[in-house]
Every structure is written in structure tokens, then in C-alpha cells.
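Here is my note on the charged pairs in this structure and on the contact between its chains. Please keep the structure open as you read.

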Amino acid sequence: MIDLDAVTVDELERDPYPVYAALREHAPVAYMPCLDVWMVTRWADVEAACIDPVAFPAHVEHSPTDRALGGVSMMTTDGEPAKQRRRPFDPTLRPRNVEALMPGVVERLCAGRLDAIAAAGRADLVADYFEPVSVVSLAHAMGIADLVDAPTLVRWFAGLAAGVSNYEDDPAKTAHCDAVGRELEATVGPRFAERLAAPTDDLISHLVAATAGPLEDRVAFAMPSFKLVLLGGLQEPAHGGATIAACLLADPDQCAAVRRDPDLVPAAVEEGLRWTAPIGNLLRGVPPGTVLGGVSFPVDARAILVVSSANRDREVWGPTADLFDIRRPRHAHLSFATGPHYCIGHHFARVQLRIAIAALLERFPRLRLDPAHEVVFRGHEYRSPTAVRVLVD
Amino acid sequence: MPWYPTAIAALSPAVPHPVTLGGRSLVLVAWEDAWYALEDRCSHAGCAFSEDGAVEDGRLVCDCHGSEFDLRSGAVRRPPARASVETFEVRSIGSGLEVLVP
């Protein structure tokens, strides 16, 4: 059994997987007091809820996501309102456009960072490689690379992430997120005005053209989704990359296999994203009448679909579900969700990860974890290694 | 049933490549030294794979709602799609391909 009242946020931040395993076993649809949400943890239930926006709509009253992003976004609306917010991102993030425009950018960014790491002889792959490559790649794709540097983007990300996961309504997290939001709008806002006056083919031109009316209304409509893409666009590739690298370096046999056969890189990427989903939860509303797993939800309930738990469900992944195994039979994971809110940036994230992992392994044949520093994972909604310290000589 | 020739020069392996053969809209996909041809229409909401599709680790993914399909059989590998997509036999001829379209 599991004592739900005894579970703490800190316990989930340290390692949520034992709690998820117990929930899947004993209480697969359960109210979690420390987060004030219902948690859905089995693969079948998470997948069913993802593809049913009527029973589990994206809009939630008192949503920390809307609060953090300054309004509703494509992730917290359904139907036409969601499509209207998502459509301007298509020209930038569609797979064929990503393939046409982004690999060269990502390769150059990786090469520059690897040069710096080679000179230093050691690195934290989170701060020195995956985060800067990810945020600057994203800034290029979003057309703001000339406005902000990598440290600023990483700082923005941290503030937005603190706000979006603030289910417990911590005032310090709210203040941090709000300050970052104001800074971001002050930095990027003028570009919206420029593009309204003189459109180009970049993302902000598409965003500002998506609605009619005065500039401030157009910005208010687009900005929450813009912030959302900044947030997700860093989380999945940067922290997914750190997880994949940490897993490979902790397992010399699997790492050697990928070095011998770079065609295994995509499998390593998918397995790392499955093993620890960088974005672990999807928040959903629960209208009256919704029943899942035999549970009828109370009025005003909100639920999180725990994709990181579904990705470890033994009913789907077998008895080795908790192991990182790049040779496991191929199966779609839920780290990019599924259904109407399938991640618009999934291919961009995958392209970045495949290039960054392959370039890292190719550049440093003796790459290894620094034995002086243990790899520590942290987080439940957003989970990744806090650092991956390596030696490269 | 006729075999229709098609060129394969400079196709990216990551995205489905649209071709019209025998009046049918198809996508060609390269994966692990083999070629696959599938109808260019997701069975879920009708999105064109050539516009909104990607090849991810051996699966054809529809960007619209995340449905995934087996390249070989067209079978659903992940909902929300319920029905498989049609697949077509492909053979290599010289430097090109031929696709069998009923």
C-alpha cells in the first residue's frame, strides 16, 4: 500500500519513481495531497486521457501554467483556440522545415562548445554543453538569437519552470517567475512591434500576424505560447541530453555499442527520453462526470497525467522498465505526450539530441564521468541530472 | 498492378518524401538501408505525412496528434489513430525505386 498523506514534494523531487510504482500498483488514479492534484500513473490511463480532450480538457481553473506564462497558451486550450495559437509555430517547427534549416546551426553550436570543453579538459555537460546548445539553437529557430545570450535564456527558463510547476502556490516561486516574465517581455516585445511594421518569414512575424487588432492585443495573445515554447524547447533537449549522456557514461557497454555503431544514437535518444521524461506531467482539468480507472473525480478536481510514470509501466515495458536499455524493443513513449497536445517541437528536440550526443561521443573517445562527482537527478515534473561532470582527455 | 518508377536522389531520411504515383498520393521513407512507401494521409485526422510527418527511430509519426505507424506494415503503433495506413511494395531498380500501386 501507499500512504498518500505521507508523500512530500521533497520526496518526489528527490526520486518520484518509487512513489509512481506504488501508485501504479495500488492507486493508479489517486489524489496526492502534497500537490493538491489527482495523479494518473498507468500507461493505459495516461494514454487514454491524453487523447480525450472532452474528459480531460487542457484548460484548468487556477492553472499554475497560465499563471506563470501570463495567460492561456496552446497547451492550456483545446480545439480551435489551441490550433489558432499553435499554427504560427508550424513554419518554424514542422519536421521538414527543421531538417532544412536547423541541423547546420546545431552542428556549429555543438562544435564550438566541444572546442571549449576540449581546451578545459573537463566539463559539466549540463551547463557547458546541453543547455547552451539547446537554448541558442532554440533562439535561432525563434529569431531572437541576436537579442539574448545563453546565460540569460537559461535563467529565463529556470524562472518559468519554477512558476509552471508551482502547484503548491509557493510565493517565492511566483515572484521569481513574474520577474523573469517581465524581463522577457521587455526584451522580446520590441521585436513584435518591428515585425508588425515590417514582416519577415521568422516566427515572430507569424505570431504577430496570427491575430488582428492593436499590437498589445496581438502580443498578449501570442506571448504565453511563445514563453511555453521557450520553456519546453529548453527542457526536452537540454535536460534529455544530460540524462542520455549520464546513462550512457554510467554503462560502458552500451556507450561502446553506440560509439561502434552511430546508427544506435536515435535508439539511445528515445530510450533516455523514456527512462526519465524531462517533462514528466501534463496538467488537465476534470469536468463533472469524468471517470477513469473506476474513480469518479470530485467537482473542481485537476489531474496530472504522469507520462514519466507511464513510461516505466511494466504492463507496457516489461520487468526491465526501470532500466536504461537502448536495445529494448522499439515502442513509442509518451515523453512528447500524444493526442491534440502532442509536442510541436518533438522533431526539433530529437534533431538536437541526436546531433549533440553523436558529436560528443565522436569528439571525445575517452569521455568518462568524473569519479569525484556523483550524478544526482532532481525533480518530478521537470527531472534531469543537476550536473554531469566529465573528464575528456 | 503496375510498378511506377520514382527518383530517390537527395531525400532526407528524417522526413517523409511526397510522390504521386498512379494517381495516389504517397510518401517514401528511408530507414536502415530500406525504402518504404505509405499513403500520404494519417488515418486519424487526415493530416498529410508529407506536411506534418517525421520518421523517428523507425516509426512514422504524425505531428498533428502524435499517432505513430509501423513503416513496414502501416499498423498503428500509438493512438489516437485506430486504423492502419496503406503500405505499398517498393523495389530498387538501378539508382531509383519502383513502387507497386494498385
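1. Start with the total. Over all chains, the structure holds 30 salt bridges. A salt bridge here is a side-chain nitrogen of Lys or Arg within 4 Å of a carboxyl oxygen of Asp or Glu. Side chains of opposite charge can pair when their charged atoms come close.

2. A word on the basis. This is a predicted model, in which local features need pLDDT of at least 70, side-chain atom pairs count only at pLDDT 80 or more, and totals for chains, interfaces and linings use all residues. Residues are numbered from 1 along each chain as its sequence is written, chains are lettered from A and ligands numbered from 1 in the order in which they are written, and side-chain values use heavy atoms, with hydrogens and water left out.

3. Now a pair inside one helix. A:Arg191 and A:Glu194 form a salt bridge, with their closest N and O atoms 3.3 Å apart. Both residues lie in helix 11 (residues 171-197) of chain A, three residues apart, about one turn of the helix. Helices (H or I, at least four residues) and strands (E, at least two) are DSSP runs, numbered from the N terminus. A:Arg191 counts as buried at 9% relative accessibility. A:Glu194 is partly exposed, at 39%. Buried means under 20% relative accessible area, exposed over 50%, and partly exposed in between (1.4 Å probe, protein chains only).

4. A:Arg328 and A:Glu271 meet in a salt bridge (3.0 Å, N to O). A:Arg328 sits in the loop between helix 17 (314-317) and helix 18 of chain A, while A:Glu271 is in helix 15 (residues 265-275) of chain A, 57 residues apart. Both A:Arg328 and A:Glu271 are buried.

5. Look at helix 18 of chain A. It covers residues 346-363, 18 residues in total, and reaches 26 Å from its first C-alpha to its last. That is close to the 26 Å expected at 1.5 Å a residue, where the expected span is 1.5 Å times one less than the number of residues.

6. Which residue of chain B forms a salt bridge with A:Arg350? The partner is B:Glu56, with the closest N and O atoms 3.9 Å apart. A:Arg350 lies in helix 18 of chain A and B:Glu56 in strand 5 of chain B, so the pair joins two chains. A:Arg350 is buried at 1% relative accessibility, and B:Glu56 is buried at 0%. B:Glu56 also forms a salt bridge with A:Arg354, at 2.6 Å between the closest N and O atoms. A network of salt bridges links A:Glu270, A:Arg350, A:Arg354, B:Glu56, B:Arg59, B:Glu68 and B:Arg78.

7. Finally, the interface as a whole. The contact (heavy atoms within 4.5 Å) takes 27 residues from chain B and 24 residues from chain A. The two chains bury about 2100 Å² between them, 46% of it on carbon and sulfur atoms. Buried area is the accessible area (1.4 Å probe) that two parts lose on being put together, summed over both. In chain B, B:Asp57, B:Asp63 and B:Arg78 lose the most area to chain A, together 30% of what that side buries. Seven salt bridges are found across this interface.
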